[in-house]
Amino acid sequence: MSDATTRALVPDGSIHGTSRSARPARVTVAVYAADPVLRAGVVQQLRQRPETELVDDADAERAQVSLVVVDGIDDDVAALLNRLRYNNATRTGLVIGTLGAGGLQRVIECGVSAVLRRSEADQDQLVRLVTATANGEGVLPGDLLGELLHHVGSLQRAALDPGAVSLSTLTSREAEMLRLVAEGLDTAEIARKTSYSERTVKNVLHEITTRLQLRNRAHAVGYALRNGLI
């Protein structure tokens, strides 16, 4: 997904001749989307609000908030999120259709802590997301927050008892992929199910077998089942 197709930037919504000192500062926003329909909907919502100012192409890299609007997480979206992550001038918010297995972990690894589902993205929610992102606040739907807390708890338990065999022996992404292998899915099916590329699936499964000194995928599944990892 190239910059040309992912970045959908619109002119700012400022009203010429109006003193900005008479109103609160607006949050500058650059909108990124692969689908022009998604972009148009978000732009239309934000353009109507006095709290936000949509920036033009020249100022995109200096926007306070980069708002990424996508159907799901794949390698191209992750690459965009990582690129934005290293731009110190902006913070990134994400509006997403669905988060597949391991999707939350991948989003967090890309430096995103403010997430809104597209099904919940009405005008007020979009403005709240943009404002929270600009302030450096975390925003997650309730069920995803529970998933995150569970993951953090697993990591804490592993740190307190590193010799114990538990789910934390595998990352959530690794455990999910092994579960899918155990269900009989092949590489292409796992890639579609998890929204990763086939190459990423192969690399993850290879990393598991190498790290745990196992012979193949079947051996890895058997090991995980015997030790209660999946």
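**Entry 1: α7 against α10**

I looked up where α7 meets α10: L178, V181 and A182 of α7 touch R217, A220, V221 and A224 of α10, with contact taken as heavy atoms within 4.5 Å. I sorted the residues of this contact and got 6 nonpolar, no polar and 1 charged. In this sorting, Ala, Val, Leu, Ile, Met, Phe, Trp, Tyr, Cys and Pro are nonpolar, Asp, Glu, Lys and Arg are charged, and the others, Gly among them, are polar.

The model is predicted: local features need pLDDT of at least 70, side-chain atom pairs need 80 or more, and totals for chains, interfaces and linings use all residues. Residues are numbered from 1 along each chain as its sequence is written, and side-chain values use heavy atoms, with hydrogens and water left out.

**Entry 2: the angle**

Two packed helices are described by the angle and the distance between their axes. I found that the axes of α7 (residues 172-182) and α10 (residues 217-226) come within 10 Å and cross at roughly 110 degrees. The axes are lines fitted to C-alpha atoms over the stretch in contact, and angles run from 0 to 180 degrees between N-to-C directions. The two helices are therefore roughly perpendicular to each other (65 to 115 degrees; under 35 is roughly parallel, over 145 roughly antiparallel, the rest oblique).

**Entry 3: what is buried in each helix**

In α10 I listed A220, V221, G222 and A224 as buried (under 20% relative accessible area; exposed is over 50%, partly exposed in between, with a 1.4 Å probe and protein chains only). These residues pack against α7 and α9 (198-211). In α7 the buried residues include M177, L178, L180 and V181, and their cover includes α8 (187-194), α9 and α10.

**Entry 4: helix ends**

N216 caps the N-terminal end of α10, with a side-chain oxygen 3.2 Å from the backbone nitrogen of A218. Just after α7, I noted G184 with a positive phi of about 95 degrees.

**Entry 5: T90**

Is T90 buried or exposed? T90 counts as buried, at 8% relative accessibility. I located T90 in the loop between α3 (75-85) and β4 (91-96). Its side chain reaches the backbone oxygen of A63 at 3.0 Å. Leaving out residues up to four places away in sequence, T90 touches A63, Q64, V65, S66 and L84.

**Entry 6: the whole chain**

I counted 10 helices and 5 strands; helices (H or I, at least four residues) and strands (E, at least two) are DSSP runs, numbered from the N terminus. Buried residues make up 40% of the 230 residues.

How values were computed:
Polar contact = N/O pair within 3.5 Å; in protein donor to acceptor, adjacent residues only side chain to side chain.
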